[in-house]
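This briefing covers domains and aromatic contacts. The structure comes before the notes.

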Amino acid sequence: MQSTSHAFKQNAHRALHDPMLQKAMGHVRSGFIDKRVQAAARLPEFDQLRDQAKAIKDHTLAHLDHYLERYEAKVLEMGGKVHWCATAEEAREAVLSICRSLDARTVTKGKSMLSEEIALNEHLEANGIEPVETDLGEYIIQLRKEPPSHIIAPAVHVNKEQVEADFRRVHKNLPPERSLSEAAQLVDEARQVLRQRYLEADVGITGANFLIAETGTSVIVTNEGNGDLTQTLPKAHIVVASLEKVVPTLEDCATILRVLARSATGQEFSSYTTFSTGPRRPEDPDGPEEYHVILLDNGRSSMLGTEFQDMLRCIRCGACMNHCPVYHAVGGHSYGWVYPGPMGAVLTPSLIGVEEAGHLPNASTFCGRCEAVCPMRIPLPKMMRHWREREFEQHQAPAKARLAIEAWAFVAKRPRLYRWATSLLIGALGRAGRRRGRFRELPLAGGWTAHRDFPAPSGRSFQARWAEQQRRGRASR
Amino acid sequence: MSSRKAILGAIRHSLGRQRGDGAEQAVEARLRTHDRNLVPQRGCLEGEALLSLFSSQAERVDATVERVATDAEVPEAVAEYLKRNNLPPRVRMAPHPDIQALPWAEKAPLLEVAEGRADPQDLVSVTPAFAAVAETGTLVLHSGPQTPTTLNFLPENHVVVVRASQVVGAYEEVWDRLRAANPAALPRTVNMITGPSRTGDIEQRLELGAHGPRRLHIVLIAEEGDS
């Protein structure tokens, strides 16, 4: 999809003044966080499992070449095909040529962020094939011609009334007097409409939460059952997966599954966890006749061996964005590309370049909640800091910011100058703000004081107070 | 150069892969031994504790669980379930010997029984399970000539018949049983099913019956000496 990450500031500004979006984001702030806490509390081994899940992925990434070869060999042995694709374009073409070989006119799709990453729907449409999203959230945003705003709840920015309006606009053959004011009625209507689409689809496309090297299996984790209907009913099942999805064994997969749903939705286990191995067997009464895996790199192999390798452990649970104060405030669309929130702030610059996405790693308060809840213990703030450093090194930071940072660095590297300058500044601010205890306005801090007061310092620097306390401590001993 | 070669080359370059560095042997060994990682305590129960954990976990996720003492009680339990939910007395059964062997005609003579893969019109399916996992109230079903996958997803009501001997504590025990029953390869599809279909996509409010079954009913046969 076309990125608007470079316009993060404008996007965020718009989002903050969008009352419908702000109303919808209230559901994120309240729902996900409590549910995760409760699910984690019910499993005493949760944190130990996180450590093991991290170790599994670290081991796999360190041996990724061999695991991918083993995985591929097993898929082939089971009668499936693996299409290695270095770029998004290769992946789109591979899917299209499979669809063409089957004279496909409609394809149903399970939710896949990778499909968004490679802009698959646009490509299929441009070539006369109709993609039908079947995950309810994805279906809603497809009707609205919007990108997803959350990696597991793509329509989290949409309110019920907006869904009703979209359904009335698109489902023209249903009686206009029908009631659609309840969520249950909307879910029913989508079920009814999409049921027909499953049955007429020629190809079903799903993503993959895991690829298992031991068995050549792809795994999807869903709650609706849409992914299963998508991959069971048509002639062919195409899996789009990026290469870091591979794990060694069924046992390793089970361990990561134990932390996935708990971190994502706060469920102990999602409703449907489905393991697919090759096409249907000759004696099977149902299932797809062809099974294809699109194995996509798209920049990931060059993250290995760098300070961003840890990001490849990500299992796309969404916990980081569910807990991010910046995401809560501006919503997913502000980030301008497929992956929002903290994981997007790290991954997006890797995939589309820090020139385009440099704002994202800056859109963080470094409060650390993302890292604290990440089931794979990805050091997200640290990696955002790496991007900020790179951005600075590549001279992409704005001139004013660079000047300020350089000035600060000059002073910070000279302790006596630093002490002198800060005590002077703090003393002056302390005296000026003594009466009110805060500033409404402050030169050079307009960005801060436009939205809130700046608290007046006590008048003495921390270092000065620390030194004094040390002296006193020694004296009293 | 093919993309395959380019991608693998890029990975090896990034990882600094050396010939004879033992990486391949490490991978080989891990895949061969498929060692277990940490299995949570709650997945290590036995006997009645195991069965009741399975039931309570399944009920937590909105499945309904009914215990019967013997095979012979299953057809009546299914017929009663249909009546309770105002469903017509008609089911689509998996063509599986364990289900076929139940005394349908004798114990539920009014029940109309058809076999095979699901039709879009079918309202109720009855299937066996391969296993059931207590730690999360999860059913494990797989595809095969006697167990079409469509039965698990198309009908609005899914009735699953489980024996106490099929209930295990943790997922890892399922893998062992799957490997033992299918030494050559996994079945095409293995479904882990935990409660009926649901969605939270509209304002984060949970609604059941998004695309898959609206109701999941588990008939647990707890024969004497079986558990």
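Domain bounds, as used here, come from an automatic or database domain assignment. The model is a predicted one. For chain A, the assignment gives domain 1 (43–296) and domain 2 (400–476).

**Domains of chain A**
- The C-alpha centres of domain 1 of chain A and domain 2 of chain A are 53 Å apart.

**Aromatic pair between chains**
- Phe269(A) and Tyr171(B) form a stacked pair, because their ring centres lie 4.7 Å apart and their planes are at 25°, where planes under 30 degrees apart count as stacked.
- This pair joins two chains, because Phe269(A) lies in the loop between helix H12 (250–264) and strand S9 (272–276) of chain A, while Tyr171(B) lies in helix H7 (residues 171–181) of chain B.
- Phe269(A) has 3% relative accessibility and therefore counts as buried, the cut-off being under 20%.
- Tyr171(B), at 1% relative accessibility, also counts as buried.

**Aromatic cluster**
- Phe8(A), Tyr327(A) and Tyr335(A) are linked into a cluster by ring pairs.

**Charges over rings**
- Arg385(A) has its charged end over the ring of Phe366(A), at 5.1 Å from the ring centre.
- The ring of Phe410(A) has the charged end of Arg414(A) over it, 3.8 Å from the ring centre.

Key. Residues are numbered from 1 along each chain as its sequence is written. Chains are lettered from A and ligands numbered from 1 in the order in which they are written. This is a predicted model: local features need pLDDT of at least 70, side-chain atom pairs count only at pLDDT 80 or more; totals for chains, interfaces and linings use all residues. Side-chain values use heavy atoms; hydrogens and water are left out. Rings of Phe, Tyr and Trp (its six-membered ring) pair if their centres lie within 6.5 Å; planes under 30 degrees apart count as stacked, over 60 as edge-to-face and the rest as tilted. Helices (H or I, at least four residues) and strands (E, at least two) are DSSP runs, numbered from the N terminus. Buried means under 20% relative accessible area, exposed over 50%, partly exposed in between (1.4 Å probe, protein chains only). A charge sits over a ring if NZ of Lys or CZ of Arg is within 6 Å of the ring centre and within 35 degrees of the ring normal.
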